Amino acid sequence: MSRLSGRALAIAALAALLVACGGPGATSTPSASARPPAKSGKSVSAVGRSTPVRLRIPAIGVDTPVMKLGLAADGSVQVPPIAAHDRAGWYEHSPTPGRTGPSVILGHVTVGAYGDGVFRRLGELHRGEKIVTRLENGTAAVFAVTEVRTVSKAHFPSDEVYGNVNRPELRLITCGGKRTGDGYLDNVIVFAALSSAGP
Amino acid sequence: MRRTGLSAMALACTAVLAGALPAFADGTKATPSPVPTATQAPTSAPSARPSASTAPSAVPSAAPTRAPSSGQVSVVPSGAPNTGAVPPTSDSSSTGALVGGGAAAAVVLGGGAVFLVRRRQANGA
């Protein structure tokens with residue numbers, strides 16, 4: 001065998017190994033800030049009773065319609081349908097965004113074969129970043145992030161998410177953490193407090 | 001000599017492409033994966049009717065099973081929300097890359113062996 005042939009064979013084997021090693025990269029874990037949600041402040045309802053129709057989070061490129069969500073038959077909260085054009089959903093038994101209490105909006109992190117969900121990057125939010133909810137009555141409530149937390153689904157903090165507060169607050173919820181066969185082990189929860197409201 | 005080397009390179013490149021591309025075309029599963037929307041439909045839908053992407057998932061049959069409370073959230077849901085449907089091909093893609101790469105390597109080595117045999121025969125003749 002000539003030396004040239006040997007080199008050619010070695011190059012070919014190297015090319016095959018490069019193809020074999022070209023798998024997809026690992027996903028990063030969302031970071032969470034360590035600040036607890038504020039529990040104090042003035043008790044105000046900055047907007048009238050209405051329904052949120054749009055949600056905008058400039059820091060992570062979210063601008064989505066908002067649908068109404070109720071309760072599922074098993075008592076859990078409904079989630080938006082798995083669809084190509086994913087959207088967020090407002091839990092209709094929570095206060096209108098901008099009124100005193102914890103308003104709750106949910107969205108998917110991934111939507112199966114359709115890819116990323118509307119809240120795919122929710123875990124990238126940081127304290128102070130802006131969340132804008134536009135209501136059906138034409139007003140808008142602007143919130144500032146106070147905390148981003150990743151929690152185990154087995155220990156979901158219902159009291160902190162749904163419990164009473166003395167000012168208008170917002171909770172954005174999606175899934176996160178490790179993937180299992182058909183879902184995720186954790187929830188990512190963004191806590192936010194009202195910073196302004198108006199038309 | 002140069003011609004021989006170029007021939008070997010062309011053979012190797014062809015083998016890599018031929019081995020890698022078809023291996024990824026349909027994934028590695030022998031059976032087709034089910035449509036993911038079947039198991040991830042809104043949990044309160046009363047029947048197996050596929051939901052339209054624009055229809056809200058709150059339907060009349062999903063009446064709250066809990067008594068309203070006096071809190072700001074009038075009905076507190078139970079459990080954690082399931083807001084993530086895992087893409088069905090996420091696990092098989094990395095496996096597919098390994099299998100495809102292995103197939104490509106096998107084709108390249110086989111082609112190289114054939115080349116060497118023919119080269120030896122040519123030298124011996």
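Over which residues of chain B does pLDDT stay under 50, with 80 contacts beyond four places in sequence in the model? I looked, and the stretch is residues 20-65 of chain B. For my own record, pLDDT is the predictor's confidence in each residue, from 0 to 100, and two residues are in contact if their C-beta atoms, placed from the backbone, lie within 7 Å.

Ground rules next. This is a predicted model, in which local features need pLDDT of at least 70 and side-chain atom pairs count only at pLDDT 80 or more, while totals for chains, interfaces and linings use all residues. Residues are numbered from 1 along each chain as its sequence is written, and chains are lettered from A and ligands numbered from 1 in the order in which they are written.

**Chain B**

I stayed with chain B for a moment. Its average pLDDT is 58, and 26% of the residues score at least 70. I found pLDDT under 50 over residues 90-99 of chain B too, where the model has 17 contacts beyond four places in sequence. Chain B has two helices and zero strands; helices (H or I, at least four residues) and strands (E, at least two) are DSSP runs, numbered from the N terminus. Of its 125 residues, 29% are buried. I use buried for 20 or more other C-beta atoms within 10 Å of a residue's own, exposed for 12 or fewer, and partly exposed for in between, with C-beta atoms placed from the backbone. For the complex, I noted an ipTM of 0.74 and a pTM of 0.59 from the predictor.

I counted two helices and eight strands in chain A, in the order α-β-β-β-β-β-β-α-β-β from the N terminus. Buried residues are 45% of its 199. How do the strands run in the closed barrel? I traced β1-β2-β3-β4-β7-β8-β6-β5, eight strands with mixed pairing; a pair needs at least two DSSP bridges. Neighbouring strands of this sheet are turned by 35° against each other on average, direction ignored. The axes behind that angle are lines fitted to C-alpha atoms, for helices over the stretch in contact, and angles run from 0 to 180 degrees between N-to-C directions.

I then followed β8(A). It runs antiparallel to β7 (residues 168-179), with nine bridges, and these two form a hairpin with four residues between them. On the other pairing I checked, β6 (residues 140-152) and β8(A) are antiparallel over twelve bridges. Val188(A) is the bridge partner of Thr174(A) and also of Thr150(A). Arg171(A) stands opposite Phe191(A).

**One loop residue**

Why does Glu129(A) count as partly exposed? Because it has 17 C-beta neighbours inside 10 Å. I placed Glu129(A) in the loop between β4 (101-106) and β5 (130-135). Beyond four places in sequence, Glu129(A) contacts Ala59(A) and Val145(A). Its C-alpha atom is 5.4 Å from that of Ala144(A), 15 residues apart along the chain.
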